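Visitor: I have a model open and some time before the next run. Can we walk through it?
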Amino acid sequence: MKITLNRLNDEFLFECKNSAGNTILLDNTRQEDAKGVSPMESVLMAVAGCSGIDIVMILKKQRQIITSFKAEVEGERVEVEEAKPFKSIRVVFFLEGEIDTKKALKAVQLSFEKYCSVSKTLEPNVTVTYGLWVNGEEVISE
C-alpha cells in the first residue's frame, strides 16, 4: 500500500492520493478557509469507514436489507508533551432497513473485535467503543 502527498498551495493544503488515483484533501482546519479535513479528523473517518465496510459486508452476506447506514464518531484527545493524540474514540452506528438486530450487533462486534484494521492499529493506545441503533431503537451503548 502506498500513498503520495502533494502540497497544493503556499499554506497547508495537501492532496493525498492512493495507487488507484483516488484523493482526499488534508488541511489545517484552524484556518478559516480550510479546504480539507484535518489529519486527526481523517483518523476518525478511517475508523468509521473501516468498520462500516465490515458491517455492511457481513450484513449483506446474511441477506439483510440496509436502506440507511450512518455513523457518528467522536474522539477524545489528551496532551502528551507537544502532541495531542486520541485517548478514546466512540463510534455510534445508525442502521435502517430489514435488519435482524442480533445480526447487526454481531456484525458490529466482529468488526471491532476481529476485522477492522484501523481500530486494531489504534488499539494499543486508544480505547475504541461503539454503539448501535437499528430502526430508531438503541441496541447497545458500550
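Visitor: Which residue in β3 is the bridge partner of Glu15?

Guide: Leu25 is the bridge partner of Glu15. Helices (H or I, at least four residues) and strands (E, at least two) are DSSP runs, numbered from the N terminus. This is a predicted model: local features need pLDDT of at least 70, side-chain atom pairs count only at pLDDT 80 or more, and totals for chains, interfaces and linings use all residues. Residues are numbered from 1 along each chain as its sequence is written, and side-chain values use heavy atoms, with hydrogens and water left out.

Visitor: How many bridges join β2 to β3?

Guide: There are 4 bridges between β2 (residues 14-18) and β3 (residues 23-26), and the two strands run antiparallel. Two strands pair if DSSP finds at least two bridges between them. The hairpin has 4 residues between the strands, and Gly21 there takes a positive phi near 90 degrees.

Visitor: And what about β1 and β2, parallel or antiparallel?

Guide: β1 and β2 pair in the antiparallel sense, over 5 bridges. One example is Thr4, whose bridge partner in β2 is Lys17.

Visitor: In what order do the strands of that sheet come?

Guide: The order is β1-β2-β3, an open sheet of 3 strands with antiparallel pairing. β1 (3-7) and β3 stand at the edges with a single partner strand each, so one side of each has no neighbour in the sheet. On average, neighbouring strands of this sheet are turned by 25 degrees against each other, direction ignored. For that angle, axes are lines fitted to C-alpha atoms, for helices over the stretch in contact, and angles run from 0 to 180 degrees between N-to-C directions.

Visitor: Where are the domain bounds?

Guide: Domain 1 covers 1-32 and domain 2 covers 39-140; the bounds come from an automatic or database domain assignment. Their centres, taken over C-alpha atoms, are separated by 25 Å.

Visitor: Switching to aromatics. How many pairs does the structure hold?

Guide: It holds 4 aromatic pairs. Rings of Phe, Tyr and Trp (its six-membered ring) pair if their centres lie within 6.5 Å; planes under 30 degrees apart count as stacked, over 60 as edge-to-face and the rest as tilted. Phe93 and Phe112 have ring centres 6.1 Å apart and planes at 50 degrees, so that pair is tilted.

Visitor: How are Phe112 and Tyr130 arranged?

Guide: They form a stacked pair, 5.0 Å centre to centre with 10 degrees between the planes. Tyr130 belongs to strand β6 (residues 127-134), 18 residues from Phe112. Ring pairs link Phe69, Phe93, Phe112 and Tyr130 into a cluster.

Visitor: Tyr130, buried or exposed?

Guide: Tyr130 is buried, with a relative accessible area of 3%, and Phe112 is buried at 7%. Buried means under 20% relative accessible area, exposed over 50%, partly exposed in between (1.4 Å probe, protein chains only).

Visitor: Where is Glu81 found?

Guide: Glu81 is in the loop between β4 and β5. Its phi is positive, near 55 degrees, and Glu81 is exposed, with a relative accessible area of 75%.
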